[in-house]
Amino acid sequence: MRGASILASGRSARLLLVLLALGSGACSEAPAREETRQEFARPSFARGPDVDPLDPGIRFVDITSEAGIDFVHENGAFGDKWMPETVGSGGGFLDYDVDGLPDIFLVNGSEWPGHETGPPVHSRLYRNLGDGRFEDVTARAGLDRFTDYGMGFSAADYDADGDPDIYLTVVGTNRLLRNDGGRFVDVTREMGVTGDDPDGVAPPSWSTASVWLDYDRDGWLDLFVCNYVRWTPETDLFATRDGQTKSYASPEQYEGDTCRLYRNLGGRNFVEVTREAGVYNPDGKSLGMTVEDFDDDGWPDVAVANDLVPNFLYMNQGDGTFRNVAVDAGVAVDESGRARAGMGIDAADVTGRGRLSIAIGNFSHEPVSLYTQMGGGLFQDLAGAAGITSRTLEPLTFGLLFVDVDLDGYLDLLLANGHIEPAIDAIEMQVTFEQRPQFFRNNQRGKLEELTERVGHDLEVPTVGRGLAAADIDRDGDLDILLTANERPARLLRTDLDGPRSWLGLRLRGRHPNLDAIGALVFVYTGGHVQRRMVRTGSSYLSQSEVNPLILGLGDAALADSVVVRWPTTGQRAILRGLEAGRVHEIREAGEGR
């Protein structure tokens, strides 16, 4: 996030000059083996005629009200322009009651102490009723007791008891909420995962993104937490645009804070291993995080989007440590060597050629980054080549999500946009506070074509967008979208496609204790085309999409020729052939302890 303060330095100061100028089947296991990066031939149909841009056959329909979602985010703004008011919050999906349907969790802020105007507010949990409607079960689930200034969440079954638990990041001490049969209990301190300085010297942290991953491959899910800057109400700094009135501050004015890594000790408690694991970096100002296996060595790696300091790319060394290779890999800064104001982040194989891309949403006047693997551990920003630079230059992008909306087997790109400064409209003629989301369709030939105006008016409604998440809420095979906003209502968009589309669902069941197979890597082969997915938590901006099952489009194919699953703990592979489209297939990891 970038503030327009005359006290700011670096790129914010240069931007200020501009603003002032303007404003004046069967499963078989194979033994683990050393992997090399797969190079995939370009499918024949990818060289065929262009996808019709005039009628994509996609409609996003706002069903928020009819679905029973009545959530409005509270940022607590009371006039003093405290920095956290500009950034939150996220939301997403988890199956909290384990009935097979994705439920919705929406993270809320709060009013600041001493400035309350009504009853306390809290994050909300909505249970999926299976008929297109959701029921508010916040109180029933025990979540109405927690009135923190929330930022984001991630959910996973850390104690292997069969239901997902919630980690809630906040401005202050975070919360680990253990799911006890549908009712959540705060176990943060007994588990040792506050997100704060373990020595208690520094004030409580301002945490943002979090992910669950098994970084040491012992089967138990560990917790990686990102922190932003060292801000508290007591250390709030005066920032101004006109030399008199207070404005929202820039992260450049505050010290950064380190991410923290917690190792799971058998579901009983956690131990912080931040320094030992090599991820201690107090200069970080982190807002987004995603997990992938970028070098295909079987160990999960972590990419972190930072705000006005270089991004991180933590490569897992396989010995309990990580190494930050962001600078050497070319993902730390932009092509001119400057750190951008990174927000949300996602990673995926966009082209189907076996090379991963890291997409990062950035501040206004900074386009979305699309760092793409070029071989030899190097990445290059191919946003221009993909056709998204000019289209993403003016918006301020927070949420960012790769999702195959049209089920053609290629990942599309969704963006949630919205500024941080309510008065930006008076300063810049081309930039507004509320901004419309954007949809870029993958044309199967390396381009992402913006079709926002052709997928229904409901997507075009401007808002102060923040988080994005996807799930098949109605189990019709396509992925529906949850959009969160700052001090605005959350929106649930149902995806409607014209005519039948071919899709494949894969529900992975891992061995105890990683019951949801977090970290499993899946390859789906269809007619010479290959798709890659990882079972993972987090990503986007402070949000989480449905983790399991995976939903993949198959284009016109009636079945998947083959599916290869690389299990996360053992590295063994399951190979399944001829899986029928139009249904969810359950794949169980072989061995004891399921």
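Is Asp131 buried, partly exposed or exposed, and at what relative accessibility? In this predicted model, Asp131 counts as partly exposed because its relative accessibility is 46%, a value that lies between the limits of 20% and 50%.

Asp131 takes part in a salt bridge with Arg133, in which the closest N and O atoms are 2.8 Å apart. Arg133, at 41% relative accessibility, likewise counts as partly exposed.

A further salt bridge is formed between Arg140 and Glu135. Here the closest N and O atoms are separated by 2.6 Å. Glu135 has a relative accessibility of 27% and is classed as partly exposed.

## The pair Glu546 and Arg475

Glu546 forms a salt bridge with Arg475, with 2.7 Å between the closest N and O atoms. Glu546 is located in the loop between β32 (529-534) and β33 (550-555), and Arg475 in the loop between β27 (465-471) and β28 (480-485); the pair therefore ties together parts that are 71 residues apart in sequence.

Arg475 counts as partly exposed, at 28% relative accessibility.

## Network and total

Which residues are linked with Arg391 in a network of salt bridges? The network consists of Arg391, Arg436, Glu450, Glu453 and Glu460.

## A four-stranded open sheet

Four strands form an open sheet in the order β11-β12-β13-β14, and their pairing is antiparallel. The edge strands, each of which pairs on one side only, are β11 (207-213) and β14 (269-272). On average, neighbouring strands of this sheet are turned by 25° against each other, with direction ignored.

How many bridges join β11 to β12? Strand β12 comprises residues 222-227 and is joined to β11 by five bridges, the two strands running antiparallel. Within this pairing, Val211 stands opposite Phe224 in β12.

## Summary

The salt bridges described include Asp131 with Arg133, Arg140 with Glu135 and Glu546 with Arg475.

How values were computed:
Residues are numbered from 1 along each chain as its sequence is written. This is a predicted model: local features need pLDDT of at least 70, side-chain atom pairs count only at pLDDT 80 or more; totals for chains, interfaces and linings use all residues. Side-chain values use heavy atoms; hydrogens and water are left out. A salt bridge is a side-chain nitrogen of Lys or Arg within 4 Å of a carboxyl oxygen of Asp or Glu. Buried means under 20% relative accessible area, exposed over 50%, partly exposed in between (1.4 Å probe, protein chains only). Two strands pair if DSSP finds at least two bridges between them. Axes are lines fitted to C-alpha atoms, for helices over the stretch in contact, and angles run from 0 to 180 degrees between N-to-C directions.
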